[in-house]
4 protein chains.
Amino acid sequence: MRNTEKHTHIMEKAEELFAAKGYDGTSIREIARAAHVNLAMVSYYFGSKEKLMEALFKERMSLMKLKIESLLKNENISPFQKVEILIDEYLTKVIDRQFFYKIMLCEMAQQKNKVILKFISDIKLNYANMIRGLVEEGQQKKVFKKDIDIMLLMNTMTGTVTQMILNKEVYREFNSLKKTSDSVYHTWLKKRLGDHIKKIFKTLLEYES
Amino acid sequence: MRNTEKHTHIMEKAEELFAAKGYDGTSIREIARAAHVNLAMVSYYFGSKEKLMEALFKERMSLMKLKIESLLKNENISPFQKVEILIDEYLTKVIDRQFFYKIMLCEMAQQKNKVILKFISDIKLNYANMIRGLVEEGQQKKVFKKDIDIMLLMNTMTGTVTQMILNKEVYREFNSLKKTSDSVYHTWLKKRLGDHIKKIFKTLLEYES
Amino acid sequence: MRNTEKHTHIMEKAEELFAAKGYDGTSIREIARAAHVNLAMVSYYFGSKEKLMEALFKERMSLMKLKIESLLKNENISPFQKVEILIDEYLTKVIDRQFFYKIMLCEMAQQKNKVILKFISDIKLNYANMIRGLVEEGQQKKVFKKDIDIMLLMNTMTGTVTQMILNKEVYREFNSLKKTSDSVYHTWLKKRLGDHIKKIFKTLLEYES
Amino acid sequence: MRNTEKHTHIMEKAEELFAAKGYDGTSIREIARAAHVNLAMVSYYFGSKEKLMEALFKERMSLMKLKIESLLKNENISPFQKVEILIDEYLTKVIDRQFFYKIMLCEMAQQKNKVILKFISDIKLNYANMIRGLVEEGQQKKVFKKDIDIMLLMNTMTGTVTQMILNKEVYREFNSLKKTSDSVYHTWLKKRLGDHIKKIFKTLLEYES
DNA sequence: CATGAATGAGCGTTCATTCAT
DNA sequence: CATGAATGAACGCTCATTCAT
């Protein structure tokens, strides 16, 4: 195993454990055991437990960021279509990174680590800017209404998705998809959630003559 | 201070600390110090740290439950009016109990304690039943559409509120309410959030001819 | 064993170990083992290893201080007699507290702990004041010469004693006192050292007409 | 940098750190960092931390030894002149090697490393022999008294110097030499200490008719 | 009923050292 | 010849819990 691979490997196992047991509920010993590395390696690679967490955030945050600037500037796509693409992008990221998303949620609730708070506010800003840009474009083109509360809009999307992730298994059972494979279920879930959010956004954005 | 008062006092301080630092991030010592009681008192009263947490959930859950059965049966109020009352009730509870709501959120993410999971699923069931009852009534009366995904609906409400609570201070600043008192801000927030959710619910529920 | 007795007991064992292996060379585990107490008790009683050290210094320093103010004011005793009494007092304290004296020596060399440095400078000041008072009295009475370097004088006493303590066993062997008991040897050593230092002080202080 | 230079460089940095923080208080990591060499280099060059310490002692001890045998045999210089030269030689070495002298002091107090103890007793023997030779010469020439306690004499010198080194900065301030450069102060200190010790030696050695 | 004292287990971290390259 | 990576052991300390009083 190469150096960066071990790095990645430790981080992945830490992510899993942090998601399942929380940051404070997970010991370095557990992480080392799960990653099949020596206990001292974790501090050796990351410096400390705290810095491992921060490294995880740095890594994942770069993946979570929505990089669709070119799309937003595209004049051939309508604002509503762009909204839909944005929602789909967001959903893909969150559903693919559920472990991390849970960790982030707890960090948002507790706000203990300032470095991590910065990461989180950065990504929130990233989302907000995407949405704001879109909203302004739509308003200029008279397809979106005025007086749109962007933060409420954003929180409706992120909140709904959060709750669906947290209650994922209950929802699966509720919809009799217990026997379906994870990937199939996730695809289905993404479609359903996407449609739901798009519908809400349409209502909240649509220009009323 | 009477015994039950001490009980309550310890639980309140524990709630505050669990919300701010997480269950594992909070030590019994801290709770005892914050509550100005002897360290051994906590285990003495509640048995263990885990049981203190469970006692907290038991206590708070009974407060969080929506007890509006009589209202739901009231034939003089329209389904949409009932939906609005339900949303207002929910908002009041959550905004009044933000500490506890944060704790619950982390427990939902981590799902470590089975007793607590039961409490949470109980309250979810409670909400679901309220909403289902309402939805069915509205459908019978042909004011609500068919094919309503109750869980999606519920999660949209709880999720949006969750996100707004987590980003409370950012939203406050965003709306230039930094100087407003907490209680005034919370009243304002409740109104705004309520209107927002009611609007979404209306769209998602309203019968389309 | 009573509470304060355990305190004292732990401190004594710590003193022994610190003297033999140095502060950093001694682990809390060793101290706990030597004192036959639980490892956690040390931190429980003293807060930390550092504070244990400081508590030891606080305790011992109060014993080491020369409390002979009344004697110094006594008009019926000549300055030279007072010098001799002072030297005897100092010798008694150091020979009785050799473990502690060694610890102090290393702390003086390394100057890491500021709290301890304060303790040490306090006791140095205590000695210096005793000697200065005496010297001034002797000078006024024209039995001591002028231009006496008090610090050099003091360091000659403390330094000579230090070296004799450090080379105690070599000196014992050198003087064929290997078979003598510790207490007898110490009495003998004290006499010899006392005479030596008194002689030096006499030369350095005596008024030259 | 050549190999022997690296050797020397590491040893110098180790000496500095050992003096300031003690042997156990200094980690190989710190030494490597201070010497700007790879962590593994230290063990690689010296075998172990302990052997580095011993190598340091071996190196410094050879420098500390008084090599004035030819002078001692010189018939044209009086015993008292030789005593003075001996004292000056000793002072020069100690003042030039204060870091090492502090390390040695702690090792003398703790007596943990047997190899180092041997080095220390060797140098003590070296000093003792110089002084003994001188004393015997002086006694034969009837300029020194009989019954001279060589070890007490020696410890008076080494002890006084030790204390002056340990309290160097206090003494500097006491004599208002705070603004003076280190080298000027050291020269001044050496002169003053030399005179003081020579005076004491004269008293303790001089033949009394 | 209440509590100071005590305990064994485990925490995050650092240590001196080794070894493959 | 030199070094980054790795390791087992130990570090100081805090944990939740228990128990005698």
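Contact here means that heavy atoms lie within 4.5 Å of each other. The model is predicted, so that local features need pLDDT of at least 70 and side-chain atom pairs count only at pLDDT 80 or more, while totals for chains, interfaces and linings use all residues. Residues are numbered from 1 along each chain as its sequence is written, chains are lettered from A and ligands numbered from 1 in the order in which they are written, and side-chain values use heavy atoms, with hydrogens and water left out.

View 1. Q98(C) belongs to helix 7 (residues 98-110) of chain C; helices (H or I, at least four residues) are DSSP runs numbered from the N terminus. With a relative accessibility of 9%, Q98(C) counts as buried, the classes being buried under 20% relative accessible area, exposed over 50% and partly exposed in between (1.4 Å probe, protein chains only). When neighbours within four places in sequence are set aside, Q98(C) is in contact with I165(C), K168(C) and H186(C). The side chain of H186(C) is also joined to that of Q98(C) by a polar contact of 3.2 Å, a polar contact being a pair of N or O atoms within 3.5 Å, where within protein one must be able to donate a hydrogen and the other to accept it, and residues adjacent in sequence count only if both atoms are side-chain atoms.

**View 2. The interface of chain C and chain D.** On each side of this contact stand 40 residues, from chain C and from chain D. The area buried between the two chains is about 3700 Å², with carbon and sulfur atoms giving 63% of it; buried area is the accessible area (1.4 Å probe) that two parts lose on being put together, summed over both. M151(C), L152(C) and Q163(C) supply 16% of the area that chain C buries against chain D, more than any other three residues. Between chain C and chain D there are 14 residue pairs in polar contact, both residues at pLDDT 80 or more. Two or more residues of the side of chain C that touches chain D come from each of helix 1 (3-21), helix 7, helix 8 (114-140), helix 9 (150-166), helix 10 (168-174) and helix 11 (182-205) of chain C. Helix 9 of chain C gives the most to that side, with 11 residues. By class, the side of chain C that touches chain D has 16 nonpolar, 14 polar and 10 charged residues, where Ala, Val, Leu, Ile, Met, Phe, Trp, Tyr, Cys and Pro count as nonpolar, Asp, Glu, Lys and Arg as charged, and the others, Gly among them, as polar.

**View 3. Salt bridges across the two interfaces.** The count between chain C and chain D is 2 salt bridges, each being a side-chain nitrogen of Lys or Arg within 4 Å of a carboxyl oxygen of Asp or Glu. One is formed by the side chains of D149(D) and R192(C), at 2.9 Å from N to O. The interface of chain B and chain A likewise holds 2 salt bridges, among them that of D149(B) with R192(A), whose closest N and O atoms are 2.9 Å apart.

**View 4. The interface of chain B and chain A.** Here 40 residues of chain B are in contact with 40 residues of chain A, and the two chains bury about 3700 Å² between them, 63% of it on carbon and sulfur atoms. M151(B), L152(B) and Q163(B) supply 16% of the area that chain B buries against chain A, more than any other three residues.

**View 5. E16(D) in helix 1 of chain D.** E16(D) is found in helix 1 (residues 3-21) of chain D and, at 37% relative accessibility, counts as partly exposed. E16(D) and F144(D) are 128 residues apart in sequence and 41 Å apart in space, C-alpha to C-alpha.
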